[in-house]
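Please brief me on the cavities, pockets and strand layout of the model below. Keep it short and grouped by topic.

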Amino acid sequence: MKTLYLAVLIIFISSFSNSQAQLPTRSIQVMGGYSGHGSGDLKGIVFGADFLKYKTNRFFLDYNLRGTINYGEETIIVNNTITGTTTDASIRFTTAGVQLGLNAGYSLVRSKRHEFAVLLGGFGRFQSASNGSDGYSLYGPQATGQPTILVGYDNRTPQNTIAAGAVLQLNYNYTINNKCYIGISPGFQTDTNGDAVTTVALVVGRRL
């Protein structure tokens, strides 16, 4: 019996080692989903592509390209009692950015079917915001004598910025067959421009 147990143990260890050794060392993936910019008042989308290269069975590098588009508005409806018309004078905002980054990842769980990893990395980001980081003033009909809302701007910050930042990300992937996988990837990042972005994305990839 001892010999049988020893043989089973050797077969199990050998099988486990072979399955680990046969795991692909590279993969490519695309991702897309929800993003929230700042305190969450600007909602939008995130999208991008990654190339992952495993240095060991668990440690890997993630070279990535990301883009975000976020939007919001301050609703202003003007009712003209003289003409009886209604005008949507809302102020609309758009903030969009693109970034190139490198993450270091460690797979807490990695098998032929499942992978759960934690990633920490940095990036360089170009961003354009329709209102920069400045506020504005609203002037109503009582102050201007005009039957509408007037907006006063005092632009002091640049519309376009370049920043460096850091990101914390989680990955869970399920491999459908030996090559293709799907997953989910939540993350949070901040940068030297003071922007905070939260993301939750779906991932589709292929092992190489």
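**Voids and barrel**

The second largest pocket is lined by Q22, L23, P24, K112, R113, T175, N177, N178, K179 and R207. The model is predicted: local features need pLDDT of at least 70, side-chain atom pairs count only at pLDDT 80 or more, and totals for chains, interfaces and linings use all residues. Residues are numbered from 1 along each chain as its sequence is written, and side-chain values use heavy atoms, with hydrogens and water left out.

**Terms for the voids**

- On a 1 Å grid over the protein atoms alone, a cavity is a set of points where a 1.4 Å probe fits but cannot get out.
- A pocket is an open set with protein on both sides within 12 Å along at least five of seven lines.
- Lining residues have an atom within 4 Å of a point.
- Grid points are joined across faces, edges and corners, and a volume is the space filled by probe spheres set on the points.
- Ala, Val, Leu, Ile, Met, Phe, Trp, Tyr, Cys and Pro count as nonpolar, Asp, Glu, Lys and Arg as charged, and the others, Gly among them, as polar.

**Pockets**

- The second largest pocket holds about 150 Å³ of space.
- Its lining divides into two nonpolar, four polar and four charged residues.
- The largest pocket has a volume of about 400 Å³.
- Its lining has 23 residues, and L42, T95, A129, G132 and S133 lie nearest the centre.
- Two or more lining residues of the largest pocket come from each of β3, β6 and β7 (114-129).
- β6 gives the most to that lining, with three residues.
- By class, the lining of the largest pocket has four nonpolar, 15 polar and four charged residues.

**Cavities**

- Two cavities of 30 Å³ or more are present.
- The largest cavity contains about 160 Å³ of space.
- Of its 17 lining residues, R66, Q99, V167, Q169 and Q189 lie nearest the centre.
- Elements giving two or more residues to this lining are β3 (59-74), β6 (91-110), β10 (160-175), β11 (180-191) and β12 (196-207).
- β11 gives the most, with five residues.
- The lining of the largest cavity has seven nonpolar, nine polar and one charged residues.
- The second largest cavity contains about 70 Å³ of space.
- Residues lining the second largest cavity include P24, R26, Y54, R110, E115 and R207.
- β1 (26-37), β2 (42-54) and β10 each supply at least two residues to that lining.
- The largest share, three residues, comes from β1.
- The second largest cavity has four nonpolar, four polar and four charged lining residues.

**Barrel**

- Strands are DSSP runs (E, at least two residues), numbered from the N terminus.
- Eight strands close into a barrel in the order β1-β2-β3-β6-β7-β10-β11-β12, with antiparallel pairing.
- From one strand to the next, the twist averages 25° (axes are lines fitted to C-alpha atoms; angles run from 0 to 180 degrees between N-to-C directions).
- Two strands pair if DSSP finds at least two bridges between them; β2 and β3 pair in the antiparallel sense over twelve bridges.
- F47 has G67 in β3 as its bridge partner.

**V197**

- V197 lies in strand β12.
- V197 counts as buried because its relative accessibility is 2% (buried means under 20% relative accessible area, with a 1.4 Å probe and protein chains only).
- Leaving out residues up to four places away in sequence, V197 touches S35, G36, H37, T68, G187, F188 and Q189 (contact means heavy atoms within 4.5 Å).
- V197 and L42 are 155 residues apart along the chain, and their C-alpha atoms are separated by 9.7 Å.

Notes. Helices (H or I, at least four residues) and strands (E, at least two) are DSSP runs, numbered from the N terminus. Buried means under 20% relative accessible area, exposed over 50%, partly exposed in between (1.4 Å probe, protein chains only).
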